[in-house]
Amino acid sequence: MGAAIGECVHTAGVLNFLAAARRAGYRTEFLGPAVPVDRVVEAAGRRPELLALSYRLSPEAAERLLAQLRDALASGGLEEQRMVFGGTPVVAEVAARSGLFEAVFGGPDQPTAEDYLAGGPAVAPDGAFAQSLLGRRQQIAPRPLIRHHFGLPDLEATIGGIGRIASAGVVDVLSLGPDQNFQEHFFHPERMDPAQDGAGGVPVRHPDELHRLYEATRRGNHPLMRCYSGTNDQVALAAVLDETIHNAWCAVPVFWYSELDGRSRRSLEVAIAEHADLVAWCAAHAIPVERNDQNQWGLRNASDVIQIAAATLAAGLTAAAGVTTYVLQMMLNNPPGISPAMDVAKMSAMEAMVQRVVGAEVTILRQVRSGLFSMPVDQDRARGQLASATRTAMLLRPDVLHVVGHTEAHHVTGPEELISSCKLVHQVIDDSLLGLPDPLADDRVAARRSHLMQEAGELLDAIEDRFPAAMAGDPAALAAAVRTGHLDAPYLAGSGVAPGGTVTVVDGGCDAVDPASGRVLSERHRLAELG
């Protein structure tokens with residue numbers, strides 16, 4: 001039996017609980033809103049298996065009301081009646097203190113109604129949480145996996161934070177963010193600059209420290225762990241990461257982390273070759289691979305067409321290397337100002353092109369995230385942006401949602417802020433799983449998708465015609481495609497590697513334009529201007 005008691009006329013909570021009880025096999029009876037204490041006691045006299053009461057007015061009034069209920073039940077010899085309570089957090093706190101209820105819903109760290117009705121929250125034994133990327137995805141479907149980046153400039157603080165995050169159970173994949181010294185010089189500590197310790201992440205200096213970081217995840221929901229691939233000695237580092245943190249997947253670009261972006265001193269040709277060696281190693285060890293070139297091009301204001309072509313080229317090279325599980329990274333809001341509708345069109349076109357080149361033998365996992373530059377500094381607006389980007393991401397049926405914490409534009413995300421951001425995202429997922437419209441039913445989205453696929457195909461054909469060996473992964477040919485401007489972005493001007501001569505404009509989507517007239521250029525015309 002259920003009732004909203006006292007003067008409370010708010011019945012949604014108790015009615016939702018009764019609906020959950022019916023799904024769990026109970027017969028239910030609703031006594032109504034604003035049910036006085038004497039009627040509650042009368043109902044208890046009918047000996048229901050469970051009495052569910054709700055109240056969401058002031059905590060002071062709740063305290064008086066529950067004292068009356070205690071006395072009335074005692075007078076009727078009904079102290080043993082099983083009861084549960086639901087209310088706002090402050091009222092739930094009063095109900096929990098009263099000792100009348102075997103479960104209270106609405107307060108922090110309380111069970112869900114479904115958990116309670118099923119006999120208590122599920123406590124998974126060791127080994128119950130899948131520890132492979134595909135296994136974990138299948139285990140929690142239709143929900144996407146939640147991934148978040150974490151790494152503080154202090155090792156002990158990072159270990160403690162990971163423990164709190166794992167215990168919260170809100171993250172499925174924790175991406176370790178190490179500092180730049182780790183990424184460049186893990187095997188050459190003599191080259192490290194002590195002044196840069198902790199710059200950009202956690203200062204890990206020994207495999208034993210990676211073991212300790214991984215052990216901190218062995219609680220709560222036992223999240224998977226992964227880490228940056230580094231910018232030097234990448235195959236050796238991949239082996240260390242596999243042995244210590246059981247790296248869930250490897251993320252490595254085709255072109256970047258080189259002289260192109262300054263994240264290492266390697267020439268473009270050398271970086272391309274070493275990245276290919278790493279992908280081949282991952283294929284031989286059955287480790288999934290993510291190529292993130294499209295994100296890097298977009299962060300430098302490359303056109304949507306170049307982003308899609310780069311994603312397609314990278315995926316094809318990865319499949320050809322023998323990788324059988326491919327993580328397709330899709331960064332929304334990149335460049336800033338792109339509309340949600342055109343974002344969906346771009347990512348849908350990207351997925352279709354990637355599916356076409358990798359074939360049915362490769363499992364593609366769609367990983368969607370919000371753009372780094374889209375997050376406002378104001379924390380309230382940042383939360384709004386995170387929720388908005390998550391709703392857009394859910395239109396793309398993600399297998400992995402890469403959460404960018406709402407503090408990222410302001411400061412490095414701490415463990416409690418990370419947990420808060422992930423809870424926000426879980427709420428958007430809950431709502432989205434009730435049902436979203438098909439974005440491709442929008443004629444504008446469908447038309448843009450078709451246009452981008454055609455234009456990206458033109459660009460890839462032009463690269464293959466000019467540099468045939470590029471499609472087979474030849475480092476010199478791939479580098480030539482960048483040096484000649486086939487793959488180009490405005491923010492590469494002055495790099496000395498790519499021309500940086502392409503001009504783009506964000507107007508819903510991001511397109512290459514003629515710098516004099518502002519007219520949108522097709523790839524055929526843009527390439528013709530390159531000669």
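Start by selecting P144: this residue is buried, with a relative accessible area of 3% (buried means under 20% relative accessible area, exposed over 50%, partly exposed in between, with a 1.4 Å probe and protein chains only). You are looking at a predicted model, in which local features need pLDDT of at least 70 and side-chain atom pairs count only at pLDDT 80 or more, while totals for chains, interfaces and linings use all residues. Residues are numbered from 1 along each chain as its sequence is written, and side-chain values use heavy atoms, with hydrogens and water left out.

**Stop 1: around P144**

P144 sits in the loop between α6 (133-140) and β5 (145-150). Those labels come from DSSP runs numbered from the N terminus: helices are H or I runs of at least four residues, and strands are E runs of at least two.

P144 and P398 are 254 residues apart along the chain, yet their C-alpha atoms are separated by 5.9 Å. Which residues is P144 in contact with, leaving aside its neighbours within four places in sequence? They are R137, D172, M394, P398, D399, V400, L401 and I429 (contact means heavy atoms within 4.5 Å).

**Stop 2: two cis peptide bonds**

Stay in the loop between α6 and β5 and select P142, which is also found there. The peptide bond from A141 to P142 is cis, with omega near 10°. Most residues other than glycine have a negative phi, and most peptide bonds are trans.

For another cis peptide bond, go to N334 and P335, where omega is about 5°. P335 is in the loop between β10 (325-331) and α14.

**Stop 3: two positive phi values**

Select Y257, in the loop between β8 (250-251) and α11 (268-284). Y257 is not a glycine, but its phi is positive, at about 60°.

Then move to A286, in the loop between α11 and β9 (289-291). Here too phi is positive in a residue other than glycine, with a value near 55°. Is each of these two residues buried or exposed? Y257 is buried, with a relative accessible area of 9%, whereas A286 is exposed, with a relative accessible area of 67%.

**Stop 4: the four-stranded sheet**

Next, show the strands β1 to β4. Four strands form an open sheet in the order β1-β2-β3-β4, and the pairing is parallel (two strands pair if DSSP finds at least two bridges between them). At the edges stand β1 (2-4) and β4 (103-105), each with a single partner strand, so one side of each is left without a neighbour in the sheet. On average, neighbouring strands of this sheet are turned by 20° against each other, direction ignored.

Zoom in on β3 and β4, which run parallel and are joined by three bridges. V84 stands opposite A103 in β4. Helix α1 (residues 12-23) packs on the sheet and touches β1, β2 (51-54), β3 and β4; the direction of α1 makes about 170° with that of β1. Axes are lines fitted to C-alpha atoms, for helices over the stretch in contact, and angles run from 0 to 180 degrees between N-to-C directions.

T88 is buried, with a relative accessible area of 17%. Not counting residues up to four places away in sequence, T88 touches Y55, R56 and G106.

**Stop 5: two helix pairs**

Two packed helices are described by the angle between their axes and the distance between the axes.

Begin with α7 (residues 155-168) and α9 (residues 207-215), which pack at an angle of about 25°, with their axes 8 Å apart. That makes α7 roughly parallel to α9 (angles under 35 degrees count as roughly parallel, over 145 as roughly antiparallel, 65 to 115 as roughly perpendicular and the rest as oblique). To see the contact, select L155, E156, T158, I159 and I162 of α7 with E209, R212 and L213 of α9.

Finish with α14 (residues 340-358) and α17 (residues 443-466), which pack at an angle of about 45°, with axes 8 Å apart. The two helices α14 and α17 are therefore oblique to each other. Residues making this contact include A341, M342 and V344 of α14 and R444, V445 and R448 of α17.
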